[in-house]
Amino acid sequence: MAKFRAKSQSTVPKLEPRIALLTAAMLTVFGLVCVRLYYLQVMQHQEMSQLADRNRIRLHRVPAPRGLVFDRRHRPLVDTQPTFDAEIVPEDSTNLSETIERLENLLGGDHVADKIAAADEQGRPPYEPVLVEERLDWPKVVALEAHQLELPGVSLEITPGRHYLYGKLAAHLLGYVGEVSREDLIKQTVYRMGDEIGKFGLERGWEPFLRGQPGGQEVEVDAVGRRLRVLKEIPDTPGESVVLTIDLDVQQAAEQAMEGKNGALVAIDPNTGDVLAMVSHPAFDPDVFGAGVKSSDWRALMSDPDHPLQNRAIQGTYPPGSTFKIVDSIAGLEEKTLAEDTAYTCSGGLWFGGREYHCWRKQGHGTIGLHNAIVRSCDVYFYDVGQRLGVDRIAHWAHALGLGNKTGIELDNEKPGVIPSSAWKQKRFRERWYPAETLSVAIGQGYVSVTPIQLAQLAAVVANGGTRYRPQFVKAVEALDGSIAKAYPPVVEGHADLSPETLAIVRDAMADVVNGPGGTAHRAALPGITVCAKTGTAQVVGNKGTLVAGEDEDKIPEKYRDHAWLIAFAPKEHPQIAIACIVEHGGHGGAAAAPVVHDVMQRFFQLYPPTPPMPELTQAAATEPAIARVLDDDPGTAAER
Amino acid sequence: MAFDRRLIIRFDWTIFWTVLALAVVGLLSIASAAYRGPHKPIDPLVIRQCVWIAAGTVAMLTVVLFDYRALATYAYALYVIAIGLLIAVELIGHSTGGSRRWINLGFFHLEPSELAKLAIVLVMVRYFREEPPKGGWSLRQMVIPAVLLGIPVALVLKQPDLGTALILILITVTLVFVSGLNARTMIVLAFAGLCVMPLGWHYLKPYQRQRLVSFVNPQADPLGSGYHVIQSEIAIGSGGPWGKGFLKGTQARLNFLPEQSTDFIFSVFAEEFGLAGSMLLLSLYAILITRGAWIARHTRDRFGSLLAIGLISIVFWQVAINIGMATGLLPVVGITLPLVSYGGSSLIAMMMAMGLLISINIRRYFF
């Protein structure tokens, strides 16, 4: 650029030629821009105007179908089906009020104008569709389709909708989906207003896998807002599938057995912690939550006195009642305060601290050993066991066996329950522990409260010899190509050191609860398979420790009747299933809960015959005579408290 | 210092009114971009821009009172402050849309990269105000300017703000050219520039590369970045010779244009005011540039002359790149249209720059 360097003495003239050159260059560039503008705005004007007129291209977000949910044998439980939503673009309608009127006539109701007004209120950009009604039923879809020409601006939007194939089946476990909330939108950037998100249960916990990746569409619509063609599409990626450990048939058997009852049932595989069935009744229909739950439905669910939204299996805390005697027995045997041949005389009650503590059997059990004390569920015997142990040793063993702690199942809001100890009472009530309270604890009353899944855990620990597996209900996450994206191997949460002798004593006694004379759960018996069980009764109101026996169940109003427990595992020799079942206000465990457990186990062993297979277990096993024989053994009056 | 009557007599009304005319064009375009229908209240964006214009006018007149020659003393200090603000953005900045560009001052979101443009002009002009050696600046004397440029460029690229980084480089190149280089330096720098380009590609973010690809072939990704350019061209072209009329544009209404009130404001304006309006707008910028160049030629000191060049080069490069992008001549980079686009920082910084230009014009007689 030396040629621009002037020889003048003044400094400015040196710059001047380059400034002139620069200015000229700048104006030339502007000139080029002018040429381009002339080309676009004059020469291409016609074409561009047409493009602008026809420019009714919309950018659509295409929601991805959520992943499927299968049972352990890969049968679908939850899938995604196309649902129809009605949308309106008010700007596309030539006569909006007329269109709204027609639309309201077809859909029934007068909410369309309000929805548009509400959307405008929230700053809807022009030409952005307003969602009028979601999940239209078939007649409405047909009606809209047939009258499309009279409804300019109205369109049917096909979106993937969550569908629960078996309605209320395992509703608390599967959960439900709903529209993403404001809080979720702020926390997570992948969601947009109106997206579906898992709100509860599996749908919530496994949301990142089930969600999938939404796609996008550039859609051209005509003058009345009808889609003409998709110009460009970024395909969506459906969510990954989840395979549960639940067996559909076992779950169905459990749901059926619990039909009409309030309560819960949890069945787990004691060898892995796999949840085979989980029922909480009453249940809700997860389909009503899909895309916009109606406020009336929501209110009905919230105000239902039976709390259908509560998952009783993990959130219901109840006194374990006599099922707790298993804990006493194990604790006593392991702590050597109790031996197999320890005998005690039950006269129907025990005087302690100036007060009588009853046995459920008014006339008493006479002189009784440990085995029979468990089989017949003698309260007085276990008052003595409890006293010898003291509350803190009972608490230690209860925790070791899985009670009073969260089991770790991956569902929200699991309750830990309460296993009292002297330290617990000091902390909670700033009061020392009174020995008399130990008596209540020993028979699973007083402060003791556990969840059904904890008692299932207890049954599983006794069944497998001491290992606490974390209950898991997801077996695997499957990628779209069917490969395993994530597996869930068994997780050991803890281990209780139980001697083989202790286990043998407790298991023998539990087997006789079902099969022996005087046992309290004859109704749980299966032909050819030794079922081990323990009944329990959870008192509903007050009178902790003072047990009034002999009242006729039927005379007590239902809401004051006790809850019925049964914990069980089978087969005794090589357990494959452990169950806890509670029937609220069912009365005695043997009468109300045992038949439920029987039905579930019967179905389970039809599908998974015990190993080594028992020759007797064929279809004949499930037939009437077999059950009748079981019932004959038990006149049904062997109630217990 | 007593008020100097010459400040009024020699006040540059051409620049003043041109600046205000451009601000009004901006106001109209923003009102149009934010228009939501006849029954909707005026968008807060419009009201805020009015406030920025008022504040910018005050800032511009304040700068006029100020003797620009003092800036030579403070140039490096101001540069350090601007760098400090850019670093502050890194640390406490406010991010929108994936990039961190703003410092929240409560009442105002300060965008320090706008101030960085003024700072880089000042510091370069300060460096080049010395008379170059015979034959022009040599390569060795380019090291300091390269470092002075490199620091803010690296900082804005980190935000990431490719547009501002580009502007900083172009301003510097312009000033280096005008201040005089020797032939050897010029060839080496040009060659180095060519070599850096493919290397630059390597450092671009995927979306920035995408924009370059879709510039070469908009149809490659019509749903993504190519889409914006196509829609912008349709907006401008459908405006025709005379435009669709104020608030009658459809492209803007349909939300086809991204950043309608900032980076793509020209498309909104050109759609409603047509070729006539676009020509008027370009003429206003041409007036600013020729007037600035005239001032540069008629100022007696090298500092004032180069400063005027630096200031108009900010205007020129932003206009050229912004409109070039909107009309599909250049790839999409986020650069505002000076004095027109929505935004307090860029508007006030630009009005201060124009105030400086007026200040130079007034004081060229003072010797």
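Visitor: How many helices and strands are there in chain B?

Guide: Helices (H or I, at least four residues) and strands (E, at least two) are DSSP runs, numbered from the N terminus, and chain B has 13 helices and 3 strands. This is a predicted model, in which local features need pLDDT of at least 70 and side-chain atom pairs count only at pLDDT 80 or more, while totals for chains, interfaces and linings use all residues. Residues are numbered from 1 along each chain as its sequence is written, and chains are lettered from A and ligands numbered from 1 in the order in which they are written.

Visitor: What percentage of the residues in chain B is buried?

Guide: A residue is buried if 20 or more other C-beta atoms lie within 10 Å of its own, exposed if 12 or fewer, and partly exposed in between, with C-beta atoms placed from the backbone. Of the 367 residues in chain B, 50% are buried.

Visitor: How do I read two helices such as H3(B) and H13(B)?

Guide: Two packed helices are described by the angle between their axes and the distance between the axes. Axes are lines fitted to C-alpha atoms, for helices over the stretch in contact, and angles run from 0 to 180 degrees between N-to-C directions. Here the axes of H3(B), residues 44-65, and H13(B), residues 344-363, come within 7 Å and cross at roughly 30°.

Visitor: Are H3(B) and H13(B) roughly parallel or roughly antiparallel to each other?

Guide: Angles under 35 degrees count as roughly parallel, over 145 as roughly antiparallel, 65 to 115 as roughly perpendicular and the rest as oblique, and H3(B) and H13(B) are therefore roughly parallel. Residues are in contact if their C-beta atoms, placed from the backbone, lie within 7 Å, and those making this contact include Trp52(B) and Ala59(B) of H3(B) as well as Leu347(B) and Gly355(B) of H13(B).

Visitor: Which strand of chain A pairs with S18(A)?

Guide: Two strands pair if DSSP finds at least two bridges between them. In chain A, S18 (residues 474-478) pairs with S19 (residues 484-487) in the antiparallel sense over 3 bridges, and Ala476(A) stands opposite Ala487(A). The two strands form a hairpin with 5 residues between them, and Gly482(A) in the turn has a positive phi of about 90°.

Visitor: What is the mean pLDDT of chain A?

Guide: The pLDDT is the predictor's confidence in each residue, from 0 to 100; its mean in chain A is 82, and 84% of the residues reach 70 or more. Over residues 542-553 of chain A, however, the pLDDT is below 50.

Notes. Contact = placed C-beta atoms within 7 Å.
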